[in-house]
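The sequence and the structure are shown first.

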Number of protein chains: 2
Amino acid sequence: MRTRPLKVALLGCGVVGSEVARIMTTHADDLTARIGAPVELAGVAVRRPSKVRAGIDPALVTTDATALVKRGDIDVVVEVIGGIEPARTLITTAFEHGASVVSANKALLAQDGAALHAAAEEHGRDLYYEAAVAGAIPLIRPLRESLAGDKINRVMGIVNGTTNFILDKMDSTGAGYQEALDEATALGYAEADPTADVEAFDAAAKAAILAGIAFHTRVRLDDVYREGMTEVTAADFASAKGMGCTIKLLALCERAADGGSVTARVHPAMIPLTHPLASVRGAYNAVFVESDAAGQLMFYGPGAGGSPTASAVLGDLVAVCRNKLGGATGPGESAYTQLPVSPMGDVVTRYHISLDVADKPGVLAQVATVFAEHGVSIDTVRQSGKDGEASLVVVTHRASDASLAGTVEALRGLDTVRGVSSIMRVEGE
Amino acid sequence: MRTRPLKVALLGCGVVGSEVARIMTTHADDLTARIGAPVELAGVAVRRPSKVRAGIDPALVTTDATALVKRGDIDVVVEVIGGIEPARTLITTAFEHGASVVSANKALLAQDGAALHAAAEEHGRDLYYEAAVAGAIPLIRPLRESLAGDKINRVMGIVNGTTNFILDKMDSTGAGYQEALDEATALGYAEADPTADVEAFDAAAKAAILAGIAFHTRVRLDDVYREGMTEVTAADFASAKGMGCTIKLLALCERAADGGSVTARVHPAMIPLTHPLASVRGAYNAVFVESDAAGQLMFYGPGAGGSPTASAVLGDLVAVCRNKLGGATGPGESAYTQLPVSPMGDVVTRYHISLDVADKPGVLAQVATVFAEHGVSIDTVRQSGKDGEASLVVVTHRASDASLAGTVEALRGLDTVRGVSSIMRVEGE
């Protein structure tokens, strides 16, 4: 065994970074045995040097992250600062100066993954980022290595713990969105500004990364259709229950039926209670994968938090260090299929639509005609009404999102339709 | 990209082997792109050459497996014949003649994993075996790579689809063991001789492999405590339901509380309905992993079958081929902790015990005294009786298996105890 240690630079020392540093110390012997050489924390770049960091030698702490990654003796840079800049420049600088990189930065990977992979390859370095999607759950390695001999057709996941906590709370207690969000905030599951979670920016970044890996093509954040979950109501949950469903915020990455394109989207959807994803509770994450040969797989675990994310970072750190010792690099970007990403209008799924309509004869016939004219086939209709007001709940067969959008627009133009109170996609069947 | 193909020899062409060959043909372009070079089926060793094999060039078929692995131009040997010999000799011969090996052979890995790993390392070859445990579910790679920076404390899994099908059937229909087994046989889930499944030899081999990888130590099949599920009755399921539990055949690999030893065991056990493993239905497999940093993870999917197992084999094939092209080898055996495997008596868990007793005053006091004398603390007792006969159901707190065994032996010696009708461990809390 080599005795000269591999040197690790840590960029960021917040919730995840401090856990990475702690485990590197407490599990040093295990890491040495598994890597085949000791690893040493050679520097920690932070914004506020005055903050006391338990267990970290103050002499290692610096505010000059650029100088740290340029030192030239760093073997691996662990980037856990997040955001686009300065993370992007620091990572490419690290590649130029001899280091491989382990990152947990979903936003950056979703936006600039291709350029970062190209930079890593140009310099013969590794870029690993298991922690960027679904925290501790081993997902990127299984998708790109374990399933490398298979053909993945669909990835459907709960990849944001905050929104799953809120939706689970609404489902189990009948609470409204705001009440459930307030509880999530009080318990520390939601941030003071929950936008990135509830508007699904976070989940969309993860969907882009997952789709790219699953289909061996490039999918950027901008390619992902995104719809948040702030409009989901207690009434939607009541409707879902009536159908034997619950509501989850899903990231869906699909290969088109003809195999010639892919789609990636994030939105709330109804899924049957019998689906394995329906029973994912609280802040847990789970990703359901369907492939030609393996069939249906699911990966489940904590999607966030300092320790779980650190576990994923350290798994990557061990792999990257082993590669470095062996003079090899792990699998890089695989985008050979170059499949185009189709727009949301091309997505085919089922829909649950609630309409407020006038309670008079002929309304159902009018509504049904609009569906038929747009080529959207109706599975079931439930009609209920009193005092001149009525509601129609329509569940469709599979149709394209464009056809459904056309249908809804036409419905809104009918005199007898007072409003479209909710439209929700139905998945997992 | 290199154009000279990597040559693959397939040993065995049954349900799994023929699927491997089929996917190698139908997905040839994808495999080429992912590996960085074409792969070519260079030979197929079978026992019965006369059997027609769709899609396989008859010129590749041979009955001389030894000559095939000795050819010297084979890059990877895929061993899907199973059993100890001739598989063992063929694998070591393959290593000697330049090939790396992908195997799905749980029995061989559980019995001789250490020797096979040593042979691979001696010759600088890879030995991969994702398909040996839980079929298509990526499990070995996540455990030995994704969690390489973490400390795994427990692995608890449903790793045999046949027995899960039978137990699920008993649970959902109230059927007895024999009736459920007959249905499993009729549907092709159970073999004509179901011994390897129902007596848990299959699950025990998988437990040995999982424990070795999880704890970085050597665990052989002989180290695994094994109890089949043929004695589980409809009455046991009724008792389980009364406790809010179901019954599963579990493989349990645990690190002792003091960290100084490990245990591995396979037996039926009650688990709460709220546990993620409780909802694993039919012939599916799932493995629940608890680690220091990641927390609780679960991996779920089809545990057997030609296509799922082939998916795992091909994922390994891609990895081994990539290693070969890069002049590297993947992670080998990691057994540095050298933790001893403790006997079953040291395992600490909870127990559900049903006793037939005389219906007279003082019996409960007598029974409670026996538990106390053996240091087994009682959680709950339920007493019911009529016509001079009574039954006692005792659920204990955590106690060692040795203490429980001593308790049961002493109970059997009491005049007032007519029989111990069932003893079942309670897990997952």
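Two strands are taken as paired if DSSP finds at least two bridges between them. In this predicted model, strand β1 (residues 6-11) of chain B and strand β2 (residues 39-45) of chain B run parallel and are joined by 6 bridges, and within the pair B:K7 stands opposite B:E40 in β2(B). Helix α1 (residues 15-26) of chain B packs on the sheet, where it touches β1, β2 and β4 (76-79) of chain B, and the direction of α1 makes about 155 degrees with that of β2(B).

The sheet itself is open and has 6 strands in the order β3-β2-β1-β4-β5-β6 (chain B), with parallel pairing. Because β3 (61-62) and β6 (127-128) of chain B each have a single partner strand, they stand at the edges, and one side of each is left without a neighbour in the sheet.

Turning to the contact between the chains, 47 residues of chain B are in contact with 47 residues of chain A. On the chain B side, α2 (28-35), α6 (140-146), β12 (295-302) and α12 (306-326) each supply at least two residues, and the largest share, 11 residues, comes from α12(B). The side of chain B that touches chain A divides by class as follows.

| Class, side of chain B touching chain A | Number |
|---|---|
| Nonpolar | 26 residues |
| Polar | 13 residues |

Key
Residues are numbered from 1 along each chain as its sequence is written. Chains are lettered from A and ligands numbered from 1 in the order in which they are written. This is a predicted model: local features need pLDDT of at least 70, side-chain atom pairs count only at pLDDT 80 or more; totals for chains, interfaces and linings use all residues. Helices (H or I, at least four residues) and strands (E, at least two) are DSSP runs, numbered from the N terminus. Two residues are in contact if their C-beta atoms, placed from the backbone, lie within 7 Å. Axes are lines fitted to C-alpha atoms, for helices over the stretch in contact, and angles run from 0 to 180 degrees between N-to-C directions. Ala, Val, Leu, Ile, Met, Phe, Trp, Tyr, Cys and Pro count as nonpolar, Asp, Glu, Lys and Arg as charged, and the others, Gly among them, as polar.
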